[in-house]
Amino acid sequence: MQKHQSSGSGSSVLSPTVPIDIGETSQRQRIIEAMIDSCAEKTYAATTITDIVSHARISRTTFYKRFGDKRACFAATVSFCLDELQEVARDARSPADSPPEAVRRATAAILARMAAKPAMAQLLTGDAVSVDPGVALRYRKILIPALEGLWESAGAHKNGYIDPGLAFSRAQLLVFNQTAAGRSDDLLALLPDIVYLAVAPFGGHEEALAQARLAQSNGRPADER
Amino acid sequence: MSAPEDLRKWRLPRGRHGLPRELVTRSQRERLLAAVVRVTAARGYEATTVADILEEAGVGRESFYELFADKRDCMLAAHAILVEDLEAKVRAAYAQAGPWQERVTSALAAALEWFASDPAAARFTVVELAAVGPVSRARFQDAFARFVALIDEGMEDNGAAPELAQATSLGVGAALARIYEEVVLDRAAELPSLLPDLTYEALVPFLGEEAASAERNRAAAIGR
């Protein structure tokens, strides 16, 4: 780190005016946001390091210091987005919710966040999967135990043949299709259907329809921040 | 480069559900289209060069550039032919007489067979497309919309009326999501065995659990 050239603030590493890690965090943040934007604009395949460094207003050297290569940067970006959505989902639930209610609220909050950040939605549902198909398994590892736990704590078990992993991929395809069709501003139109997908594997078809109706009648969720 | 006998096999795929006739006939354009499918599926789009395609097709560089602007152009042309062929197969299966849910099962079966019959074409069609850049999104969206429209057109007027606005997209999405996953994991050949569960997944939003289960069981019985 000794050769670090601080950008902008005029401080040096020996006498920083802000703690170094804050500078690093914001640089890292800027790079991640640049990756999200560039992928939305031209897909991961067409994104170059030059695109990222110019979006992020950092030097190439800084980029390589933070991330070994484009792929590593992308992986970090995906993790960043997933963390954000997990946090959104956690915050959306209240302890009094029944499992289907909790799932509906979490789904609504996630979709609202994606609608507010369409570039992120596009990255998670499109590029993330095509760059590393394993990411779909990662999504599931986060999601399925959480759903299972929710239902088990309420004494229910998995219902019928609906595969929760597939349900998740279907939701992802719906979102990707919506963004690919240039309708990312209207992601919330998908809410009832995605609530259905999220509830059906554990709650069954009828319960899923009931929650989809509720999602529909609630209209645009209020928990959008 | 793969073994020559693989290349021969690739160049002349056979079988009921093989590549469209256009891809196996021998004109230069068709050889190039078949070659781009094979090479891209084996190496990935990024790593594929025009030289690879020429070698695989046994066609000269000049002829290539008379027919295609570049590698991407060639890939997209092959992709369009494959999607059209898949669509034709699914449409034919869906157009058969019989109850709607059975026609859906036939359409699903046709799609699964198509992907299983040629894993290289399967990988090329659903996995490698994303690597061509922004145009892949429009291509995906267009193909998705065509399959949704195909299923919607075949609905009976007094048939299942799902509550969900996107029920057809959910059905098409179920098939595509499963196909994508199996193809990525190199398990395309096993796709037909997933027909019963996929039938259920696609039909539940339209018919409810009981009727979807009945059709699932019927599909399982056909498969045995």
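I started with the buried residues of helix H6 of chain B and looked up their partners. They pack against helix H3 (28-43), helix H4 (50-57), helix H7 (100-117), helix H8 (119-126) and helix H9 (135-153) of chain B. I work from a predicted model, where local features need pLDDT of at least 70, side-chain atom pairs count only at pLDDT 80 or more, and totals for chains, interfaces and linings use all residues. Residues are numbered from 1 along each chain as its sequence is written, with chains lettered from A and ligands numbered from 1 in the order in which they are written.

Helices (H or I, at least four residues) are DSSP runs, numbered from the N terminus. H6(B) covers residues 71-94, 24 residues in total. I find 34 Å from its first C-alpha to its last, close to the 34 Å expected at 1.5 Å a residue. That expected span is 1.5 Å times one less than the number of residues.

Which residues of H6(B) are buried? I list B:Cys74, B:Met75, B:Ala78, B:His79, B:Leu82, B:Asp85, B:Leu86, B:Val90 and B:Tyr94. Buried means that 20 or more other C-beta atoms, placed from the backbone, lie within 10 Å of the residue's own.

Next I checked H3(B) against H6(B). They pack at about 95 degrees, with axes 9 Å apart. The axes are lines fitted to C-alpha atoms over the stretch in contact, and angles run from 0 to 180 degrees between N-to-C directions. The two helices are therefore roughly perpendicular, a label for 65 to 115 degrees. H3(B) brings B:Leu32, B:Leu33, B:Val36, B:Val37 and B:Thr40 to the contact. H6(B) brings B:Cys74, B:Met75, B:Ala77, B:Ala78 and B:Ile81. Contact means C-beta atoms, placed from the backbone, within 7 Å. By class I get nine nonpolar, one polar and no charged residues. Ala, Val, Leu, Ile, Met, Phe, Trp, Tyr, Cys and Pro count as nonpolar, Asp, Glu, Lys and Arg as charged, and the others, Gly among them, as polar.

Then I turned to the contact between the chains. Chain A gives 29 residues and chain B gives 32. On the side of chain A, helix H1 (20-46), helix H6 (118-131), helix H8 (164-180) and helix H9 (191-217) each supply at least two residues. H9(A) has the largest share, eight residues. That side has 17 nonpolar, eight polar and four charged residues.

How values were computed
A residue is buried if 20 or more other C-beta atoms lie within 10 Å of its own, exposed if 12 or fewer, and partly exposed in between; C-beta atoms are placed from the backbone. Two residues are in contact if their C-beta atoms, placed from the backbone, lie within 7 Å. Angles under 35 degrees count as roughly parallel, over 145 as roughly antiparallel, 65 to 115 as roughly perpendicular and the rest as oblique.
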